[in-house]
Amino acid sequence: MERLLDVRDMRVSFRSGKTSVEAIRGASFHVNEKEIMAIVGESGSGKSVLTQSCLRLIASPPGQIDGGEVWFCGRDLMSLSESQLQRVRGREISVIFQDAMTALNPTMKIGDQITEMLLQHLRMTRADARALAEEILPLREEPEKIAQWLQRNLRSSGERLAEDTVALSGFLREKEPRGPIEQWLLQRGAYTRAQAREEAVRLLASVKIPDPQKRIDQYIFQCSGGMRQRVMIAMALSCRPRLVIADEPTTALDVTIKAEILDLLAQLIRSLGTSIILITHDLGTVASCADRIGVMYGGQFMEQGTSREIFYETLHPYTLGLLQAMPRLDLPRGGALSTIPGNPPNLNRMPSGCPFSTRCRYCMAVCKEQQPPQAEWNGHTVRCWLYDPRAAQQKELFDAEKERLHVRNDA
Amino acid sequence: MLKYVVRRVITAAITVFVLATVTFFLLKLVPNGLFADPNITAEARAKLYAHYGLDKPVFEQYLVYLRNLAHLDLGESIANPGRKITTMILDPATGNGLPQSMRLGLCALVFSVPMGIALGTLSGLNRGRALDKALIGLSLVGISIPSFVVATMSVTVFGNILGWLPTTGFSTPKEMILPTVCLSLNPIATIARLMRTSLVETENADYVKTARSKGLKRSRIVVRHQVRNALLPVVTILGPITASLLCGTFVVESIFNIKGLGCYYVESISDRDYGLVMGLTVLFGTFLVVANLTVDILYGLIDPRIRLKR
């Protein structure tokens, strides 16, 4: 499968005065095309910092990206200039933030916040038209590819798509197609304020906001919590990005609305063919919808694999702890919930070995001293000393514990 | 919004009423030495008391004062017998008094508000850089140097030594420059400092991060997202600044010999012209109240959260 986003060995630190703390300590992960990748971890494990760093969104100072590569569609985003990155942000990779109340501008109408994004990215300049014409020329006489290209770049759909395809194919049959195509693109792509507004209404309707014509002229504080998050989603999807980073999109919501919003998001993402990075601290949230899951702890990925692998072939003690900590309805009432003892490590005083060593039930001497290497089986990766051949005894204990959990689950 | 405005207007009216009452009784408490001159005979004094209505019981005087005030009649000046205080303040014939003060104040206001906002924005956007530090230093100077120092210094330098600008009056454009600039320095510095702080605060706001994640250009983020939100606290201090600028300023008017209300205020106190003192105090107070009222309404226009609250 093709990798859409490939993040390699990201390192991010925060400086305050003379001290500096490492928030992300060599994290690598990737997102495939049309996939829901979930990143799970406790508060402070670095989920948001990692993903926001991919778009260089963290405030700098104090934040600082110390190293790493972020490959997206053949480019390393870390090496792009700010203005090049601006064309990626929102248009190709967009972000849904946790609390829409603070993440949306309180003094700007909902509609304006959506249209400003459309107008920023989808307004066609002469240079854009020239560049796009360049892309079309090699597609000569291949209506299928032309249609695909139109869907991607001009967002044509339905009858419009058929018309556009015919028009473009017509131009391409001419001797000197470049000029007419540029002209046509300029006309076709000129996104007026009124059109952007229409599109915003359509977007609000697509996230099931009732009465979008009215809502568009309202402010964010006039909406309920679920409605706000819908606006946020509509905005993030407005330019049909290839990747959406959803940073705890449902944490601020009621449990009932939570499921609704997640369903809506998953449905829209699937229909657009977009990939998504879903950040959450709740494994239960992602159980049903994620294709792959990465478990973060102390600024690193402890384990990454498909949903199945994470839930049923758990490799890391931390993941197992999270699974055991999920509340269950089938157990007798009144029993204490299972927890992972202790707190996440202080970033100022990270253990020199495995970050989880201070809380791990299977901790060995080596865990406290050296960072575990990453082991991999068919894309299922884990960072743990248990998978060193010398730790066979300890691993048996872990496997037995895992067995117990799964037997319970199956019952 | 209408309810909001009505409520504000009623509060403002009550404030003005209380102010007028307190001013009246406070001035009654001042030992009335106006006609204490030993050269005045008892008979003449009684006549004067009767003329100004001072022979009646205090409460009756208060009622008369209120009734006249409602008709915008502030009585007769004591220092300038025969002249109505209202006419002195408005002075349509010579253009002195309130019109003069307002011209000066308006000039200063029009100069200082955009200037302060622009400098504050510039400083906030370049936080930590040399430009920011220079602007902070300048604004500190602008706030801490009293206006009489600035005014006298600029008169000396630009008027006497360099001879570039006239130092008295306020009618020709050239005459307007020095007083306007002197009067503006303090408000510019105040506005700039507040604007800077406020803008820096928005820098870390979630919605600014969202705006960046949308791929907007920096200029658009600053103008549409940051400045507008940063203006809210700045608008609050515009009320008192406007009132103090429009109502005349003792120092600048005195130094540049501009016959405005500030000038009158100083004179009326030394003349013990209590009617004029009372009238000017009520006028200043009303101005302050009206300015604050305007700010409250303006606030509603900028911040939809206030406008649309039921």
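Which residue of β2(A) stands opposite Asp6(A)? Select Asp6(A) together with β2(A): the residue facing Asp6(A) is His30(A). This is a predicted model, in which local features need pLDDT of at least 70, side-chain atom pairs count only at pLDDT 80 or more, and totals for chains, interfaces and linings use all residues. Residues are numbered from 1 along each chain as its sequence is written, chains are lettered from A and ligands numbered from 1 in the order in which they are written, and side-chain values use heavy atoms, with hydrogens and water left out.

**The sheet**

Next, select strand β1(A), residues 3-16, which pairs with β2(A) in the antiparallel sense over 11 bridges. Strands and helices here are DSSP runs numbered from the N terminus (strands E, at least two residues; helices H or I, at least four), and two strands pair if DSSP finds at least two bridges between them.

**Thr280(A)**

Move to strand β8(A), residues 275-280, where Thr280(A) is found. Thr280(A) counts as buried because its relative accessibility is 7%, the cut-off being under 20% relative accessible area (1.4 Å probe, protein chains only). Not counting residues up to four places away in sequence, its contacts (heavy atoms within 4.5 Å) include Ile39(A), Lys47(A) and Glu248(A).

**The interface of chains A and B**

Now display both chains; 29 residues from chain A and 21 residues from chain B take part in the contact. About 2300 Å² is buried between them, 52% of it from carbon and sulfur atoms; buried area is the accessible area (1.4 Å probe) lost on putting two parts together, summed over both. Select Thr107(A), Glu116(A) and Gln120(A), which supply 25% of the area that chain A buries against chain B, more than any other three residues.

Finally, centre on Glu116(A) and Arg220(B), which form a salt bridge with the closest N and O atoms 2.7 Å apart. The count between the two chains is 2 salt bridges (a side-chain nitrogen of Lys or Arg within 4 Å of a carboxyl oxygen of Asp or Glu).

Technical notes. Buried means under 20% relative accessible area, exposed over 50%, partly exposed in between (1.4 Å probe, protein chains only).
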